[in-house]
Amino acid sequence: EAGLLVAAAFARTADGLEVAASLASGASRSHRPRPEADVLLLQRALNPKDAAFFGDFSEAESTFDAEAVGAAKHVGEGFEVKPDDPYAGLGAEPAAWYHESPSGGPGRAWQTHFPQLAKGIAGRATELGKWRETDSGTWVEDRRPAPTGGRPGDASSVRQAGWFEAAVREYDGFGRPPPPRPGSPRALAATGAWSERSVNTTLACRDPGCSASVSIQAFDGSTERATNCRLSLFVHPTDFDDLYSEERLTWIKVNNRTVSTDCYPMVTGCGGALQVSMFSCVRDMPIDGLIDASGRMEISAQISRTVDECPYHGHMLSAVPMVTCLTAKPAPIVMPPPPPAPTRPVLPPETPLPTFVALSAPFRCPHRGCRANAELQLNQTVSPYEQCLLSVRVNQTDFDGDDGTPEHIEYVTVNGAALVTNATPGMNPCQAKWHGRVMSPAQTEYSVLSDEVVTSNVTNGDGTLRVEVKISNFVDECAHEGYL
């Protein structure tokens, strides 16, 4: 049964699924798995996922292209940040309608987007990649991965250039390549600010099993910046022809970190002329994560002890490490604008000191012979008083002295000192009204004091004037608003 399964798996026909089903039905019932599991296993055996499915470069013999890494459409970029389109179905143009694909300028023509030229001359004898919007909102053109072995149609495509070099398949009928991906080496070079530079040196040692180390300055970190640095190590053939004697490069290190082990070139330099050609154990290896900001790096390698003949110019290990980087001038340092000067507080305009202060307070008492008191707080300003004047006015009530009775104001005192005694207003508004004469407000009001100088009472004390007024016992009628 095991032999039958292997034979069926390698003898796939157009109806391979039917073969898997018949195989499952012919197996013994005690060992037979579920039919659908057989179909799934057979599909996986006959259709393996290529490297592009996992987001890696999958072009086999083709020249490595950093832009092809992760170029498969199904490779995500993290969180989905594109919001839903609120205008979908409302007649708005799609996002692609607004996209203007980049131009290669005078240096090179690139394929364009919307509308993508896929017919006529542009699409002749080629199948171009589809444009799509990435999760970060950037438009890119997908790459077409080369077909893997074992698929129908490969036999006819073996003779085509695209089978050997996948980049050939990316050109349209006008000979235009796809535009570079944002941030890729081609995109940086197209800006004109970045240029590619390669430096190399010699790495050599004389004895079997020896190791060599050399320092190389890829770029000057103090005057320039670099990106997309790649390492290649080319080796002259010496004694690397025997696989069973382990004639190899044991390891290759960059800044003391191993980047390659057990490189078996399977070539010899014993013919003399063969040593002119070099082989590579490392080719275009990205080393941005290995090189520091100064641009200097240490490269070392070791050969096995069995590499012991046919030296190149006296060296059992003779190699040329080469580092290629995109370099540019340092990014301009944009200094933030200086912070604005702090706003100084603006003092409010000086309030002019008052030149005149007027205060008043009422005297009220409801009973005959009563006293009325009032306080005037004059200590309300820092300005010194030059002169203080006091006026006291009363409303006429029962001050007519009818029948010879003493109806008068017995006294007016200020801070305990009498300024007026026995003042006689002399009127009774009620009596006047009974006799048919109505008194005016001016006639009703009587001035007991008028502009009496009381400056010393204010300046020599706490600034308070305490005024007291007393009426006689015979003032007993015709109250004004309820007060005598």
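Author: Accessible areas in this text come from the Shrake-Rupley method with a 1.4 Å probe, and for residues only the protein chains shown count as cover. The model is predicted, so local features need pLDDT of at least 70 and side-chain atom pairs count only at pLDDT 80 or more, while totals for chains, interfaces and linings use all residues. Residues are numbered from 1 along each chain as its sequence is written, and side-chain values use heavy atoms, with hydrogens and water left out.

Reader: What share of the accessible surface of the protein chain belongs to carbon and sulfur atoms?

Author: The accessible surface of the protein chain comes to about 30,100 Å². The part that belongs to carbon and sulfur atoms is 54%.

Reader: What percentage of the 484 residues in the protein chain is buried?

Author: Buried means under 20% relative accessible area, exposed over 50%, and partly exposed in between (1.4 Å probe, protein chains only). Of the 484 residues in the protein chain, the buried ones make up 35%.

Reader: Which residues have the most contacts inside the largest nonpolar core?

Author: A nonpolar core is a set of buried Ala, Val, Leu, Ile, Met, Phe, Trp, Tyr and Cys residues joined through side-chain atoms within 4.5 Å. The largest one has 34 residues, and the elements that give it two or more residues include β5 (211-217), β8 (249-254) and β13 (317-328). Apart from this core lies another, of 25 residues, with Leu390 and Val458 among them. In the largest core, the residues with the most contacts are Leu249, Leu317 and Val323.

Reader: Which residue of β9 is the bridge partner of Leu249?

Author: Strands β8 and β9 run antiparallel and are joined by 5 bridges; two strands pair if DSSP finds at least two bridges between them. In β9, the bridge partner of Leu249 is Cys263.

Reader: Why is the disulfide of Cys205 and Cys210 right-handed?

Author: The sulfur atoms of Cys205 and Cys210 are 1.8 Å apart, and both residues are buried. The disulfide is right-handed because the torsion about its S-S bond is about 70 degrees.

Reader: How far apart in sequence are the parts that Cys430 and Cys478 tie together?

Author: The disulfide of Cys430 and Cys478 has an S to S distance of 2.0 Å and, with 90 degrees about the S-S bond, is right-handed. Cys430 lies in helix α8 (residues 429-434) and Cys478 in the segment after β19 (464-471), so the pair ties together parts whose separation in sequence is 48 residues.

Definitions and conventions
Helices (H or I, at least four residues) and strands (E, at least two) are DSSP runs, numbered from the N terminus. A disulfide is a pair of cysteine sulfur atoms within 2.5 Å.
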